[in-house]
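Q: I would like to go through this model with you. Could we begin once it is on the screen?
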Amino acid sequence: MCIAGSIIIVIHAPKEHSITSVLEIWSMATQPAFLLYVGSVVVLVFILVFHFAPQCGHTNVLVFTGICSLMGSLSVMSVKALGTALKLTFEGKNQLIYPETWFFMLVVATCVITQMNYLNKALDTFNTAVVSPIYYVMFTTLAIIASVIMFKDWDDQSGGAILSEICGFIVVLCGTILLHSTKEFERSSSFRGGSYMPVSPSLSARLCSGGNGELEKHEEEDGSPSEEICLRRQELY
């Protein structure tokens, strides 16, 4: 379902507008709507890093993946701007003379380092089968929202195309929920049906207290103490 939803999104993705200078991207990045989005992302990232990460970062998968996704949406916009600048430079229109190009490069480095750092923390803490789909959905959703705000991709699209993209999001979200619930079900079923059963204190007491005749026989035959035999029996069980 995640793959099918991604295909739907790609098929109905908006067409890119031709850009002739990095200054055009800078004007898009400094428009009030996108600056409001960037400010909201920065505030949310600081709240997640300094408030929620120390408290519930190792118990809630959404904390680390949320930081990665929020920073990832900004890194996608910066990478697109930097890639466009390099492309125009290779075509003969030097964009490295503009300070905006170097600013986008700095933003890319900062966002990617932060994103990879917390993504590694999420993968070290939680199962990959759970982190990957959740991170994919959040990262893709926020990246498209940022692209819509900055590049106004939905302005030239029909209502049917926009509705198809939303349906693709819903399909991906359903696939993510199924992956997460299936993983929890497999974990609980494997615990119930596993071959290892911890010995309870009452069972250990019964094992050590019961069968005194056999314990005395073992003590008489090989001279091993009864406590050692009880420990051996617990290890076998």
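Q: Which helix is Phe-90 found in?
A: In this predicted model, Phe-90 is found in helix H4. Helices are DSSP runs of H or I, at least four residues, numbered from the N terminus.

Q: Buried or exposed?
A: Phe-90 counts as exposed because its relative accessibility is 73%; exposed means over 50%, buried under 20%, and partly exposed in between (1.4 Å probe, protein chains only).

Q: Which residues form the nonpolar patch on the surface?
A: The patch consists of Leu-86, Phe-90, Leu-96, Trp-102 and Met-105, with about 510 Å² of accessible area together. Helix H4 (61-90) and helix H5 (99-125) are the elements that each give two or more residues to this patch. Areas come from the Shrake-Rupley method with a 1.4 Å probe.

Q: Where does UniProt place the "transmembrane region" feature?
A: The unreviewed entry places it at residues 34-54, 61-82, 102-119, 126-149 and 161-179; such annotations may be inferred rather than shown by experiment.

Q: How far apart are the end C-alpha atoms of residues 61-82?
A: They are 31 Å apart, and the chain there is 100% helix and 0% strand.

Q: Where is confidence lowest?
A: In helix H8 (residues 201-209), at a mean pLDDT of 44, on the predictor's scale from 0 to 100. Helix H3 (residues 32-56) has the highest, at 94.

Key
Residues are numbered from 1 along each chain as its sequence is written. This is a predicted model: local features need pLDDT of at least 70, side-chain atom pairs count only at pLDDT 80 or more; totals for chains, interfaces and linings use all residues. Side-chain values use heavy atoms; hydrogens and water are left out. Patches are made of residues with over 30% relative accessible area and no salt bridge: like charges are joined within 9 Å, nonpolar side chains (Val, Leu, Ile, Met, Phe, Trp, Tyr) within 5 Å. A salt bridge is a side-chain nitrogen of Lys or Arg within 4 Å of a carboxyl oxygen of Asp or Glu.
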